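Subject: A structure for you to explore

Hello,

Here is the structure I promised to pass on to you. Have a look around first, and then read my notes below.

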Amino acid sequence: MNRSADWLHQAKADLAQAQLSADAGHHEWACFACHQAAEKALNALHLHHGQQSWGHGLGRSLRDLPPPVAAAVSDLEDRLGCSMPFTSPPATPIAFQKVLPPITLAACKARTPSAMPVRSLTQSVLRWPRPEQVLAEARVWADEQRRLRPSLRRVGVFGSYGLGNASVGSDLDLLLIDEAADGPQHQRLHSWPLERLPLSCDALVLTPAELAQLLRGSSRMALELQTDLVWLD
């Protein structure tokens, strides 16, 4: 799920704390809380636009927003005092008053395509592949594995990618139906090249009979598969 609203909520709470500290004369704590509020508000903006910010530099985080968003809030770098360690209380909400676009996946400054999430050493964002890109590459992977292993009957996704609400930070939950599966799960997983999938993957390998038995039950996994499972064929 997208946690941008949670980050924005916490940013507003930190800003409220900054005002309380300022009213009490604790100005150093007011400055610290303002910096925290600005940092969390910027994290919210990054997540809202499909990328994840890291580090504590406000100026860097501002400049690594997707270009249309960065342009819309270009005046904030001076207003936030990004060359200074702290900022002023009124600054944080301005970014959200000025920028209310729908959720987009506009390219950030790190434009080099990559399937895996990649953190750049020169930028403050972690780029995350689009959900449709993840599913497309998972289908390619599944087709290759079916050609190589006739015993592989079906490949499906569940969890956030099955429900269609995957976002920044979501991993890939994969179900492999293999007639030749045998032994404990950790041994079954060793024989599959999961590292070639576009994301970190939690996989479950079952025989057709094991899947049928699982779906007849009422376990949490059974309920999840009954509602979330989407086959990739």
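Let me start with contacts (heavy atoms within 4.5 Å). Among the contacts in the protein with a separation of 6 or more, 61% are between residues 24 or more positions apart. Please keep in mind that this is a predicted model, in which local features need pLDDT of at least 70 and side-chain atom pairs count only at pLDDT 80 or more, while totals for chains, interfaces and linings use all residues. Residues are numbered from 1 along each chain as its sequence is written, and side-chain values use heavy atoms, with hydrogens and water left out.

The overall picture

Of its 233 residues, 44% are buried. Here buried means under 20% relative accessible area, exposed means over 50%, and partly exposed is in between (1.4 Å probe, protein chains only). The protein exposes about 12,400 Å², and 57% of that comes from carbon and sulfur atoms. Those areas come from the Shrake-Rupley method with a 1.4 Å probe, and for residues only the protein chains shown count as cover.

Helix α7 and the cores

Find helix α7, residues 131-148, next. Its 18 residues reach 26 Å from the first C-alpha to the last, close to the 26 Å expected at 1.5 Å a residue (the expected span is 1.5 Å times one less than the number of residues). Which residues of α7 are buried? They are Val134, Leu135, Ala138, Trp141, Ala142 and Gln145. Seen down the axis of α7, these buried residues fall within an arc of 120°, so they line one face of the helix; the arc is taken from the directions from the helix axis to the C-beta atoms. The buried residues of α7 pack against β4, α8 (160-163) and β5.

A nonpolar core is a set of buried Ala, Val, Leu, Ile, Met, Phe, Trp, Tyr and Cys residues joined through side-chain atoms within 4.5 Å. The largest one has 25 residues, and those touching the most other members are Trp141, Tyr161, Leu172, Leu174, Leu176, Leu194 and Leu197. At least two residues of this core come from each of α7, β4, β5 and β6 (201-206), and α7 gives the most, with five. Another core lies apart from it and has seven residues, including Phe158, Leu175, Leu206 and Leu211.

Salt bridges

Side chains of opposite charge can pair when their charged atoms come close. A salt bridge here is a side-chain nitrogen of Lys or Arg within 4 Å of a carboxyl oxygen of Asp or Glu, and by this rule there are eight.

One of them joins Arg153 and Glu179, whose closest N and O atoms are 3.0 Å apart. Arg153 is in strand β4 (residues 152-158), and Glu179 is in the loop between β5 (172-178) and α9 (185-190), 26 residues apart.

Another pairs Arg154 with Asp233, again with closest N and O atoms 3.0 Å apart. This pair spans 79 residues, from strand β4 to the segment after β7 (230-231). Arg154 is partly exposed at 31% relative accessibility, and Asp233 is exposed at 52%.

Glu210 lies in helix α10 (residues 208-216) and Arg188 in helix α9, so the pair ties together parts 22 residues apart in sequence. Is Arg188 buried or exposed? Arg188 is buried, with a relative accessible area of 10%.

Enjoy exploring!

Terms used: Helix = DSSP H or I, 4+ residues; strand = E, 2+ residues; numbered from the N terminus.
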